[in-house]
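Take a look at the structure below.

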Amino acid sequence: MNPWLIAAAAVSASLVPCADMCLRGAPERRLVGLEMASLIVTIAMVLFTVGFGRSIFIDLPLALAIMSFGGGLVFARFLEKHL
Amino acid sequence: MTAPGNKAAGPPSRHIALSIVTILLAPLLWLLFVYTSNPHELIVGVAASIATIVFIFFVCRSSSSSITVRAPDLVQGWRLPWYIVSGAFEITLILLKDLLRIAPAENLFFFCKFDTSSEDPVRIGRTVLAVACTTMAPNFIVIGIDQTQRRMLFHQIAPSSVPLMTRALGAQP
């Protein structure tokens with residue numbers, strides 16, 4: 001266990017309220033939860049990558065950051081049609 | 001949005017230039033990121049490059065208006081890291097309060113004036129940047145910008161002022 005892994009575990013713990021947000025309420029609220037969760041998962045994956053010393057896996061959070069950004073925009077465009 | 005069957009508008013020379021840049025850049029970027037010359041990686045790289053070129057071609061073909069993104073507008077993104085960090089902190093607090101039933105998270109829609117246009121390429125570029133950059137902040141989701149009424153509709157779970165970056169791109173709160 002090193003400081004990176006402890007930080008990653010702490011960051012991952014903040015996924016619990018995001019999950020709660022994603023599972024209840026209006027679609028817009030859920031989208032906020034999803035965006036927040038993708039941000040947290042990206043940070044957690046970077047911390048895990050450094051913590052385990054496997055820098056090759058840094059591609060995963062990089063790809064997730066780009067894909068989740070695009071996904072958030074698509075969801076926002078989709079919600080616009082239902083407002 | 002473009003009507004189906006709408007052919008490429010905008011200057012064809014720009015589309016050709018963009019296609020050439022994509023054809024050159026896509027394989028180079030793949031090699032740069034993958035940083036290996038293993039045959040199996042190169043095969044995947046060729047497929048990814050072809051897919052990128054095809055997507056860019058279809059985007060150019062279906063685009064009904066030209067977009068000009070100016071450097072001063074692009075530079076406005078320097079504030080983004082702070083908005084992401086502060087927004088993440090705000091939302092975490094609100095989510096925790098909501099989870100612990102201290103205070104329910106709100107579901108707020110706001111709109112403000114936005115200086116946009118369907119004709120001016122610079123304003124179209126600013127609109128695209130405003131939607132993309134502002135939505136990156138977790139507490140600020142741009143639902144859409146109405147070009148006819150010149151209004152921006154956005155969603156928040158904690159009320160806050162319109163970011164300076166978005167104001168610089170045309171928002172008028």
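This is a predicted model, and for chain B the mean pLDDT is 84, with 91% of its residues reaching 70 or more. Go through the elements of chain B and you'll find the highest mean pLDDT, 92, in helix α6 (residues 164–168), while helix α1 (residues 12–34) has the lowest, 82. Now check residues 1–9 of chain B, where the pLDDT is below 50. Beyond near neighbours in sequence, that stretch has 10 contacts in the model. As for the model's overall scores, ipTM is 0.75 and pTM is 0.74.

Next, find strand β3 (residues 151–156) of chain B. It runs antiparallel to β2(B), and five bridges join the two.

Now for the place where the chains meet. Here, 20 residues of chain B are in contact with 20 residues of chain A. Which parts of chain B supply at least two residues each to this side? They are α4 (80–99), α5 (121–136) and β2 (141–146). The largest share comes from α4(B), with eight residues. Sorted by class, the side of chain B that touches chain A has 14 nonpolar residues, five polar and one charged.

Conventions:
Residues numbered from 1 in each chain as written. Chains lettered and ligands numbered in written order. Predicted model: local features only at pLDDT ≥ 70, side-chain atom pairs only at ≥ 80, totals over all residues. Contact = placed C-beta atoms within 7 Å. Helix = DSSP H or I, 4+ residues; strand = E, 2+ residues; numbered from the N terminus. Nonpolar A, V, L, I, M, F, W, Y, C, P; charged D, E, K, R; others polar. pLDDT = per-residue confidence, 0-100. Pairing = 2+ DSSP bridges.
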